[in-house]
Amino acid sequence: MPHHTKPRLDDGRLDGPVADAAVAHNAAATANELSGDVVAIIFGFFPPKDIMRMRRVCKKWREAAKTTIVPPDVFRVNSLNKYNTMRAMTTALPNLQQLQISDLGIGHKYIEGEDPNESMAEVTANYTTHDINIISSFKKLRSLHIDTAYLNGRYPVLFDFPLLRELRVISSDYLKFDLGMLSASFPLLKVLNVTGTKNLTGDLSSLRVLKDTLEMVEIKCCERIEGNFMDLADFPRLKKLDLTLTFATGVIRDTCKKDFPDLEILRLPKSVSGGIGHKFQHVSEVPSTMQAIHLLLQRNPTLFKEDLLRSWSLSVDSPDWYDYDEASGCPRPPFFLQIIRAGSRRGWSWYSDYGHSCEINWLDPEPSRDSSGYEDYIEELQFIEGELDTDFYRGYHEPPTEMEYRRLCEGLEQRD
């Protein structure tokens with residue numbers, strides 16, 4: 001009977017499939033010799049789905065997965081299969097750090113919370129329900145993202161993660177919670193983003209408990225949020241504040257140099273005096289507001305979006321407002337406001353449609369003729385002056401009174 005020898009290289013090493021099998025055997029033997037603690041550390045370099053697959057190898061690896069500090073990789077629950085995986089992870093991988101909860105699909109929903117919207121509960125009465133309370137097992141959760149998930153009512157379980165650094169709630173109309181819950185629930189919170197969640201309530205002042213941790217506050221399209229944005233002015237780490245389409249209040253001209261020391265982005269609603277789309281009640285309020293905005297822009301030129309810098313106007317309820325006679329042929333009254341910049345020089349002006357503008361109110365002195373940016377300033381200034389028609393309102397740095405306006409119109413008719 002012939003004797004088969006193992007294929008070897010010239011130097012005596014195994015070759016081919018036999019070599020591969022030997023390497024695999026040795027690797028498995030080496031892996032089996034690792035302690036559970038070491039396996040848990042190694043698992044910590046893999047995303048959740050890979051850890052869930054590797055834990056099936058043996059009992060030691062299953063136990064190691066339970067103590068693994070899962071790396072900051074988001075696990076998204078956006079289908080029934082993903083929900084079932086999350087259920088398994090509550091015991092198999094309890095140290096999950098990032099979780100995103102989304103819609104489970106047609107005909108599925110999470111169980112109703114406390115004080116649900118009865119109409120919506122009735123509409124979805126035949127849906128298959130799934131328990132949201134299972135996420136309470138993830139005690140080391142650092143980031144929770146709720147995005148268009150069907151959550152109807154109040155869910156205390158969502159606010160019991162003392163290590164949480166980031167909370168994002170997007171388009172969850174029937175989820176009910178209050179800003180006051182956050183300070184006790186998330187003492188280490190850095191990022192708060194709630195958008196399009198109409199049942200969010202509360203006052204901005206309740207966030208003061210998180211003064212030393214918050215770095216981003218983005219609350220948009222939440223019309224039940226109130227309070228003065230200046231309550232956050234002394235937050236030392238706050239880099240972004242966006243309160244668009246809320247009912248936050250305050251006055252931009254109340255800001256001073258020491259306020260918002262680290263801020264990079266600021267978006268304020270029209271209910272704030274000087275916020276996006278704000279309508280001023282008095283012409284006299286405007287100069288100090290523009291000066292305050294100028295000081296903020298000096299600190300950070302990109303603090304505001306460009307659309308803010310042309311979004312203000314005089315309120316039709318203002319005592320300074322007057323009607324326009326379409327038949328007069330006169331330019332409309334200059335009841336809109338804009339920030340203007342030429343080179344390094346910033347100013348502002350009142351304007352009306354079709355480019356009719358009052359004189360520019362400069363906030364900076366004119367650059368020196370000897371300065372390196374003087375030519376750029378002159379070039380940009382000439383362009384601006386070409387765009388703005390100041391002939392009708394020449395000499396006016398603010399809207400003329402109604403009597404002055406009528407006189408200007410009469411003078412225009414006489415010239416014609």
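At 41% relative accessibility, Glu402 counts as partly exposed, a class between buried (under 20% relative accessible area) and exposed (over 50%), taken with a 1.4 Å probe on protein chains only. The model is predicted: local features need pLDDT of at least 70 and side-chain atom pairs pLDDT 80 or more, while totals for chains, interfaces and linings use all residues. Residues are numbered from 1 along each chain as its sequence is written, and side-chain values use heavy atoms, without hydrogens and water.

**Exercise 1.** Locate Glu402 in the secondary structure and relate Glu402 to Tyr374.

*Solution.* Helices (H or I, at least four residues) and strands (E, at least two) are DSSP runs numbered from the N terminus. Glu402 belongs to helix H10, residues 402-415. From Tyr374, Glu402 is 28 residues away in sequence and 39 Å away in space, C-alpha to C-alpha.

**Exercise 2.** Describe the pairing and burial of strand S5.

*Solution.* Strand S5 covers residues 143-147, and four of its five residues are buried. Strand S2 (residues 98-102) pairs with S5 in the parallel sense over five bridges, with Ser102 opposite Asp147. S5 also pairs with strand S6 (residues 166-170), again parallel and over five bridges; here His145 has Arg168 as its bridge partner.

**Exercise 3.** Classify the ring pairs Phe159-Phe177 and Tyr322-Phe335.

*Solution.* Rings of Phe, Tyr and Trp (its six-membered ring) pair if their centres lie within 6.5 Å; planes under 30 degrees apart are stacked, over 60 edge-to-face and the rest tilted. The structure holds 12 aromatic pairs. For Phe159 and Phe177, the centres are 5.2 Å apart and the planes at 35 degrees, so the pair is tilted. Phe159 lies in the loop between S5 and S6, and Phe177 in strand S7, 18 residues apart; both are buried. Tyr322 and Phe335, at 5.1 Å centre to centre and 75 degrees between the planes, are edge-to-face. Tyr322 is buried, with a relative accessible area of 4%.

Technical notes: Two strands pair if DSSP finds at least two bridges between them.
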